[in-house]
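My notes follow in the order I checked things.

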Amino acid sequence: MIKSCPIRVDISPNKNKKGFFRITPHGSIDADTHDIFRQLVKPVLAQSPKGLVIDLKDVDYISSAGVGVIFAIRTLIKEKGGRLAFCNLKPQIHKLFDVMKVLPKNMIFRSLEEADAYLYAIMDAEIKKQSQK
């Protein structure tokens, strides 16, 4: 974490599922913080995660610069074959994503548990498919 910065980002690897991470930003993702957010998330993306949940429970505002970072994360995860989910969006953030059509609706969940279950089911199905080859 960068000290005295206007955004804090908690990054937690899932202890039960290797390659799965939760990212929880705290504060706005805007013109002042989007680059910090990008830099803090970069090490996780470099690991080519299988699944990434971005928990937005503590984010009240996302500017177009923040949307750009989220779109870049989505693109990178998709290119590397991973899955991305978002959870705990506040109404204004949900509306922003809806209006800008940044994310498909199947990537947005009400809770962390729902997002985790979705990602685990997809990855477990892929593992099963690979083992049958």
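Are α1 and α2 roughly parallel or roughly perpendicular to each other? Before answering, I note that I am working from a predicted model.

Entry 1, the helix pair. I looked up helix α1, residues 34-45, and helix α2, residues 64-79. Their axes come within 9 Å and cross at roughly 15 degrees. Angles under 35 degrees count as roughly parallel, and α1 and α2 are therefore roughly parallel to each other. I also checked the hand of the crossing of α1 and α2, and it is right-handed.

Entry 2, the residues in that contact. From α1 I listed His34, Phe37, Arg38, Val41 and Leu45. From α2 I listed Ala65, Gly66, Val69, Ala72, Ile73, Leu76 and Ile77. Sorted by class, the contact of α1 with α2 has 9 nonpolar, 2 polar and 1 charged residues.

Entry 3, the largest pocket. I read off a volume of about 190 Å³ for the largest pocket. Its lining consists of Arg74, Ile77, Lys78, Gly82, Arg83, Leu84, Pro104, Asn106, Met107 and Tyr118. Which element gives the most to this lining? I found that α2 does, with 3 residues. Both α2 and β4 (83-87) supply at least two residues each. By class I have 5 nonpolar, 2 polar and 3 charged residues in the lining of the largest pocket.

How many cavities of 30 Å³ or more does the structure hold? I found 1. The largest cavity has a volume of about 30 Å³. I listed Leu45, Ser48, Pro49, Leu76, Ile77 and Lys80 as its lining. These divide into 4 nonpolar, 1 polar and 1 charged.

Technical notes:
Residues are numbered from 1 along each chain as its sequence is written. This is a predicted model: local features need pLDDT of at least 70, side-chain atom pairs count only at pLDDT 80 or more; totals for chains, interfaces and linings use all residues. Side-chain values use heavy atoms; hydrogens and water are left out. Axes are lines fitted to C-alpha atoms, for helices over the stretch in contact, and angles run from 0 to 180 degrees between N-to-C directions. Helices (H or I, at least four residues) and strands (E, at least two) are DSSP runs, numbered from the N terminus. Angles under 35 degrees count as roughly parallel, over 145 as roughly antiparallel, 65 to 115 as roughly perpendicular and the rest as oblique. A crossing is left-handed if the near helix is turned anticlockwise from the far one by less than a right angle, and right-handed if clockwise. Contact means heavy atoms within 4.5 Å. Ala, Val, Leu, Ile, Met, Phe, Trp, Tyr, Cys and Pro count as nonpolar, Asp, Glu, Lys and Arg as charged, and the others, Gly among them, as polar. On a 1 Å grid over the protein atoms alone, a cavity is a set of points where a 1.4 Å probe fits but cannot get out, and a pocket is an open set with protein on both sides within 12 Å along at least five of seven lines; lining residues have an atom within 4 Å of a point. Grid points are joined across faces, edges and corners, and a volume is the space filled by probe spheres set on the points.
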